[in-house]
Amino acid sequence: FPFPYTPYRIQEQFMEALYGALEAGRVGIFESPTGTGKSLSLICGALSWLRDSEENKRLEEARLLEGMSPAEAGHSGSTDTAGEPDWVTAFVQRKEERDKVDRLKEEQIRRKKREDRLEKIRNNVQLKYAAKRKRSEEDETKRLLQLSKEALSQGAGADVLDQLDHNEEELILAEYESDEEKKVVSGLEEDDDDLEEEHVTKIYYCSRTHSQLSQFVREVQKSPFGKDTRLVSLGSRQNLCVNEEVRRLGTLQLINDRCMEMQKNKHEKKSDEENEGKKRRVSRAVCPFYSYEQMQFLRDEVLVEVKDIEQLVSLGRETKACPYYGSRYAIPAAQLVVLPYQMLLHEPTRSAAGIKLKDQVVIIDEAHNLIDTITCIHSAEVNGSQLCCAHSQLSQYMERYRKRLKAKNLMYIKQILYLLERFVAMLGGKVNQNPGCQTVSQTGTVLKSINDFLFQSQIDNINLFKVQRYCEKSLISRKLFGFVERYGGSATAVKNNKENQKLAGLQNFLLTLQQGSDKEGDPPVEAENNQLRAASPLMQIEGFLSALTNANQDGRVILNRQGTVGQSSLKFLLLNPAVHFAKVVEECRAVIIAGGTMQPVADFREQLLSCAGVDPARVLEFSCGHVIPPENILPIILCNGPSNQQLEFTYQTRDLPQMMDETGRILCNLCNVIPGGVVCFFPSYEYEKQVYAHWEKTGLLTRLATKKKIFQEPKKANQVEQVLVEYAKCIQRCSQAGGQMTGALLLSVVGGKMSEGINFSDDLGRCVIMVGMPYPNIKSPELQEKMAWLDKTMPRAAGQAPSRVLIENLCMKAVNQSIGRAIRHQKDFASILLLDHRYARPAIFNKLPQWIRERTQVKPAFGSAFAELRKVRTSLSCT
């Protein structure tokens with residue numbers, strides 16, 4: 001598939017390597033720099049293999065159905081008939097062959113039925129109008145029924161208090177059966193065999209954010225496969241829910257709990273209606289979008305035409321069907337499933353979504369931070385304030401409803417209360433006192449193994465697996481949040497509903513006055529109040545309990561005691577991400593880990609694949625060159641500054657005035673010759689702030705401002721877009737007006753908001769400067785424990801300790817991501833300056849991306865580097 005905007009040969013190489021990896025069932029690490037059409041190559045290579053695989057499967061089925069022998073048709077002969085008579089062996093083989101033929105015939109019937117239905121929907125527009133008209137009639141009927149109910153209920157003022165009391169029924173925990181898993185009701189009709197078909201071979205494409213997934217879906221729509229590919233976009237309820245009452249809850253956990261509660265109410269609706277004396281609010285009872293017929297129509301619409309998340313949500317609102325469940329019902333028949341990789345990497349979420357990885361293909365794009373993502377997903381942290389708050393709320397809840405709770409509910413609630421009490425005791429406090437006023441006697445950070453933490457906290461006799469399962473199935477956090485939402489969590493707020501309503505109104509009024517009187521410089525108080533009202537702390541604690549069920553050798557518990565109990569925290573740190581990635585690799589036919597900048601790849605091979613038990617012969621590495629010609633990029637490692645000061649930005653030397661002055665002189669000289677935008681990356685926000693203040697004090701900032709307008713990367717994410725817009729406008733204005741001001745200088749931070757996912761293409765990034773080497777904080781307890789674990793479990797590589805390799809890899813991954821912001825397409829050009837002589841060391845130099853490493857020049861003196869920059873500028877100006 002030659003495309004005019006990318007070199008055909010690079011795409012051809014990428015697709016050939018991808019096709020070969022999928023055909024051979026390999027685990028591939030694919031690196032393709034920005035501008036090579038990576039997304040399009042992934043689509044075309046993967047879908048080409050999928051089409052060929054489906055065609056080969058159908059040919060094999062046809063041969064078998066025509067009566068070929070099992071051996072020729074790929075019959076496995078799995079039954080062990082050793083020692084049996086010949087006639088028994090022949091009978092067993094014939095029976096297996098007949099069974100296989102019957103299964104193939106059934107599968108063909110289901111496939112033909114699905115294809116005919118989708119083709120009919122695709123070509124028959126009248127069906128859509130008929131379905132839309134039917135939905136309108138149903139909505140009108142529901143509206144009239146609701147009006148009649150309201151009319152009948154008029155004059156029933158005496159029953160209002162009884163109705164309000166009954167609304168409290170939703171806060172009571174249902175009877176819990178821990179030993180029997182109730183069958184999850186899928187919402188499908190029993191006679192609908194079509195949705196029960198076996199999963200077809202499919203490709204799961206994962207990326208980091210929904211915006212990247214939407215961009216990928218648009219690439220699919222433009223590709224040669226866009227017309228007839230069955231694609232499903234998956235997302236969380238937070239992104240796909242169309243019920244405004246549920247969406248207003250805001251946080252993902254609350255939305256999940258409310259949705260599950262509404263489903264439960266839907267299936268219990270008949271038994272509730274039999275009890276005529278009880279009344280329930282309709283808005284809380286069932287979700288109007290959770291309808292089988294509506295979701296069946298949405299499922300078919302999803303499979304007929306490729307749609308991204310936004311189009312799926314719009315379709316859900318139009319059809320009044322739930323996009324979250326409608327898209328999941330389409331998974332079995334889909335060929336390409338697009339989802340965030342957090343959903344695929346977390347096994348409980350994967351199972352809840354109905355994702356089956358057996359013999360399927362997984363492509364993880366933008367995978368440069370895959371290890372960190374797996375670690376973050378399976379780590380958890382709770383502070384002392386959350387523990388004490390949850391204990392207080394749960395105690396009041398138990399006292400309020402003690403007489404109405406079943407024995408098992410009371411047993412589990414008491415176990416959770418005991419766990420909270422012991423957690424707070426491990427921080428050096430007590431649950432019945434204000435955590436903000438309890439001073440911690442022994443401050444500091446302590447790391448413990450999971451078993452040591454369980455024994456020292458005296459909770460080793462509690463089955464955390466059962467407690468975790470109880471929290472998930474009983475929705476106790478949802479009930480507790482409703483209780484706090486109603487009564488404000490105060491011990492005195494357990495009176496009748498009228499008094500509670502008055503109290504809530506007074507509290508809201510006082511909160512409004514408080515927020516109105518707050519000054520602009522004091523937003524943390526309001527943010528904290530909103531956070532406390534947004535979710536129950538028990539939800540965070542459930543995640544911590546789940547983390548404690550990991551194997552002892554795979555994680556550590558960090559006790560961080562600071563000042564007061566409220567400021568102290570408990571954190572679970574996952575050390576071995578491979579334990580959660582192993583199942584993905586084992587079940588899938590092939591796994592492709594792809595990204596624009598994957599170097600260094602040693603982390604993926606050792607920490608993920610090797611620890612997951614992947615045979616090294618199964619691992620395939622592929623890296624293609626960049627689309628730009630060699631003269632369009634000038635990477636330079638600069639060892640000394642203009643005054644011959646050696647550039648070595650270690651923790652001991654980077655704070656020296658002469659080092660900051662030398663950095664400023666380098667930028668002043670570069671800004672004199674480089675047009676457009678210059679992006680300068682610092683190792684941290686603190687160092688960037690320190691250097692900026694020093695330049696301001698010495699007057700060097702004023703000299704810089706004569707050539708470039710200076711912008712700083714903000715810490716708040718909501719301000720990044722505004723800074724980037726002003727930065728781009730300034731560069732465009734300077735290029736059009738001419739004059740002494742030639743562009744803008746953006747001071748950014750490695751690992752910040754602008755080091756990943758931002759395109760500094762063309763004039764936005766004519767030069768990228770890396771100040772020093774952004775090594776992580778080696779004094780961090782988490783990092784120290786990770787290093788110790790690697791030294792204990794991993795072999796030495798090339799004479800280096802695994803912990804040392806980890807530090808260098810973390811540093812160079814951050815560097816490679818930052819300097820990759822400049823070259824974004826085939827005709828782009830830029831300079832890259834690495835300000836530190838340590839980049840020239842072979843161990844560091846070899847971890848640069850190949851397309852940068854091949855063109856990098858090491859310059860001991862600033863004069864020769866400056867001459868190269870002037871030469872490039874002259875040649876580009878002539879061009």
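**View 1. Overview of the protein chain.** Of the 879 residues of the protein chain, 50% count as buried (under 20% relative accessible area, with a 1.4 Å probe and protein chains only). The model is predicted, so local features need pLDDT of at least 70 and side-chain atom pairs pLDDT 80 or more, while totals for chains, interfaces and linings use all residues. Residues are numbered from 1 along each chain as its sequence is written, and side-chain values use heavy atoms, without hydrogens and water. The protein chain holds 36 helices and 18 strands; these are DSSP runs numbered from the N terminus, helices being H or I with at least four residues and strands E with at least two. Among contacts (heavy atoms within 4.5 Å) between residues at least 6 apart in sequence, 81% join residues at least 24 apart.

**View 2. Helix 19, residues 407-426.** At 1.5 Å a residue, the 20 residues of helix 19 should span 28 Å, and the end C-alpha atoms are 29 Å apart, which agrees. The expected span is 1.5 Å times one less than the number of residues. Buried residues of helix 19 include Asn 409, Tyr 412, Arg 422 and Phe 423. Gly 428, with a positive phi near 90°, follows helix 19.

**View 3. Helix 27 (residues 602-610) against helix 33 (residues 802-819).** The two helices pack at an angle of about 125°, with their axes 11 Å apart. Axes are lines fitted to C-alpha atoms over the stretch in contact, and angles run from 0 to 180 degrees between N-to-C directions. Ala 602, Asp 603, Phe 604 and Gln 607 of helix 27 make the contact with Leu 806, Asn 809 and Lys 813 of helix 33.
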